[in-house]
Amino acid sequence: MSQHETPLYHGLLEHVKKDPIQFHIPGHKKGNGMDPEFRNFIGENALSIDLINIGPLDDLHYPKGMIKHAQQLAAEAFGADHTFFSVQGTSGAIMTMIMSVCGPGDKIIVPRNVHKSVMSAIIFAGAIPIFIHPEVDKNLGISHGITIESVQHALDLHPDAKGLLVINPTYFGISADLKTIVDLAHSYNIPVLVDEAHGVHIHFHEDLPMSAMQAGADIAATSVHKLGGSMTQSSILNMRGDLISYKRVQSILSMLTTTSTSYLLLASLDVARKRLATEGKELIDKTINLAQYIRRQINDIEHLYCVGEEILESDSAFDYDPTKLIISVKDLGLTGHDAEEWLRKNYRIEVEMSDLYNILCIITPGDSEREANILIDALKALAEERKDKASKVEARVMLPNIPLLALTPRDAFYSETELINFDDSVGRVIAEFIMVYPPGIPIFIPGEIITEDNLAYIKRNMEAGLPVQGPEDYDFKKLRVIKEHRAIR
């Protein structure tokens, strides 16, 4: 096989050239049955390959032709034994990983700073999460990865766990010692599942953290659309070894996937893989150089700090991805959310995310010096505007302890429930998710006992304007909890 091939994309083009008469869905029929304004904006080319799994185009649920060939090329590119395309995003791939190893009552070891899709999958599977505290960066006020010591401790306490999930790299680009963690888990015959949502590019450059497949992990959900150039919602699931059955993975992924799979998304995965495999090293070289240029310029601005390789002096960071720009704005006397809104209002700049103390900007092959200099100029202007209010601020890390789990998340989710006042909920068992999204790290999951410090943490994030999500009462005046049945007198 040649990595220059794109069997899926070019198979679609060959089909379109035949100009077939379509008596099948989608009903817009190459855009002819669509609103003209939208059709003109989207374009005829895109609509011509918005097709369905008819005979000539293979079937993602049972691939035997062009999709199978495209997935085999992806497996070769990523060093995997098997690769599956996902049109349900990385969330669907993560849920597939967990449901492939866990059933009702099974334990799975996970960091607390997991994406919400992990907890959704645990509810679907009826599994029991065994949480590991991630390491906290007290200077930046953010969570990093998990340590070898914490993994060892969890494995010693729970050698019967069905899997260990690792985030590599984190949302902020920080990596744990994945190879050692994999070897350690394998010594217990426990498979390692990797949330590689923010690391599709790391496999293709030696100066970036080690990828899941390079580290010998068993399965990894990898978001190609985030940093690899495919369309939003397109991801892949890589796997290797025999600790997990690839046939079971394929079966579960099929259960979670629409039967009306988008060929636009699938084709974009095919061409993104080709570009990463054939040009990735060169493209990522330029991306790293551009990111380092921005980092140097930001660090020359008074009262701003952009994290660099000095982060590796900490025990909580084994490696890092320099294309992620963690920019600390706390010394300007404002929150990351304030900085995000200022950049949007004054420079039309949209950042990836913000928290109490930082903004996060991602640099990809889609960026150039033009965008880089606009960001630098904007941050200079922000620092100049805030210079009279700037002062040294110590990050106040306020991450509450992980609450006690009174019920399995699944049992809590399906229990009889009631709404009570937010301030009256301490001590009750919550029946819904509450998280800060992005990045989607849970504050509460169903089945946990509500504590005072967690409620205070929610209030502080809301006061700072951060996106706290989850409860059905958007105003956070009430929380849904397990209904208590009192004795009849």
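Analyst: Let us begin with a term: two strands pair if DSSP finds at least two bridges between them. The model shown here is a predicted one.

User: Why is strand β13 called largely enclosed?

Analyst: A residue is buried when its relative accessible area is under 20%. In strand β13 (residues 324–328), 5 of the 5 residues are buried, and therefore the strand is largely enclosed by the rest of the structure. Both faces are covered: Lys 324, Ile 326 and Ser 328 are buried on one side, and Leu 325 and Ile 327 on the other. In a regular strand, side chains alternate between the two faces of the sheet.

User: Which strands pair with β13, and how many bridges does each pairing have?

Analyst: Strand β11 (residues 305–306) pairs with β13 over 2 bridges, in the antiparallel sense. In that pairing, Tyr 305 is bridged to Ser 328 of β13. Strand β15 (residues 358–362) also pairs with β13 in the antiparallel sense, over 5 bridges. There, Leu 325 has Cys 361 of β15 as its bridge partner.

User: How do you know that the length of helix α4 agrees with its number of residues?

Analyst: The expected span is 1.5 Å times one less than the number of residues. Helix α4 (residues 66–78) has 13 residues and should span 18 Å; its end C-alpha atoms are 18 Å apart, so the two values agree. Several residues of α4 are buried, among them Met 66, Ile 67, Leu 73 and Phe 78. The buried residues of this helix pack against α1, β1 (82–86), β10 (235–239) and α11 (263–299). Gly 79, which has a positive phi near 70°, follows α4.

User: Why is Asp 19 called exposed, and why is Lys 29 called partly exposed?

Analyst: Exposed means over 50% relative accessible area, buried means under 20%, and partly exposed lies in between. Asp 19 has 53%, so it is exposed. Lys 29 has 28%, so it is partly exposed. Asp 19 is in the loop between α1 and α2, and Lys 29 is found in the loop between α1 and α2 as well.

User: What makes the phi values of Asp 19 and Lys 29 worth noting?

Analyst: Most residues other than glycine have a negative phi. Asp 19 is not glycine, yet its phi is positive, near 50°. Lys 29 likewise has a positive phi near 50° and is not glycine.

User: Where are the cis peptide bonds at Pro 26 and Pro 169?

Analyst: Most peptide bonds are trans. The bond joining Ile 25 and Pro 26 is cis, with omega about 5°, and Pro 26 lies in the loop between α1 (7–17) and α2 (36–42). The bond from Asn 168 to Pro 169 is also cis, with omega near -10°, and Pro 169 lies in the loop between β6 (164–167) and β7 (174–175).

User: Why does Thr 170 count as buried?

Analyst: The cut-off for buried is under 20%; Thr 170 has 2% relative accessibility, so it counts as buried. Thr 170 is found in the loop between β6 and β7. Leaving aside neighbours within four places in sequence, Thr 170 is in contact with His 144, Gly 145, His 198 and Lys 324.

Key:
Residues are numbered from 1 along each chain as its sequence is written. This is a predicted model: local features need pLDDT of at least 70, side-chain atom pairs count only at pLDDT 80 or more; totals for chains, interfaces and linings use all residues. Side-chain values use heavy atoms; hydrogens and water are left out. Helices (H or I, at least four residues) and strands (E, at least two) are DSSP runs, numbered from the N terminus. Buried means under 20% relative accessible area, exposed over 50%, partly exposed in between (1.4 Å probe, protein chains only). Contact means heavy atoms within 4.5 Å.
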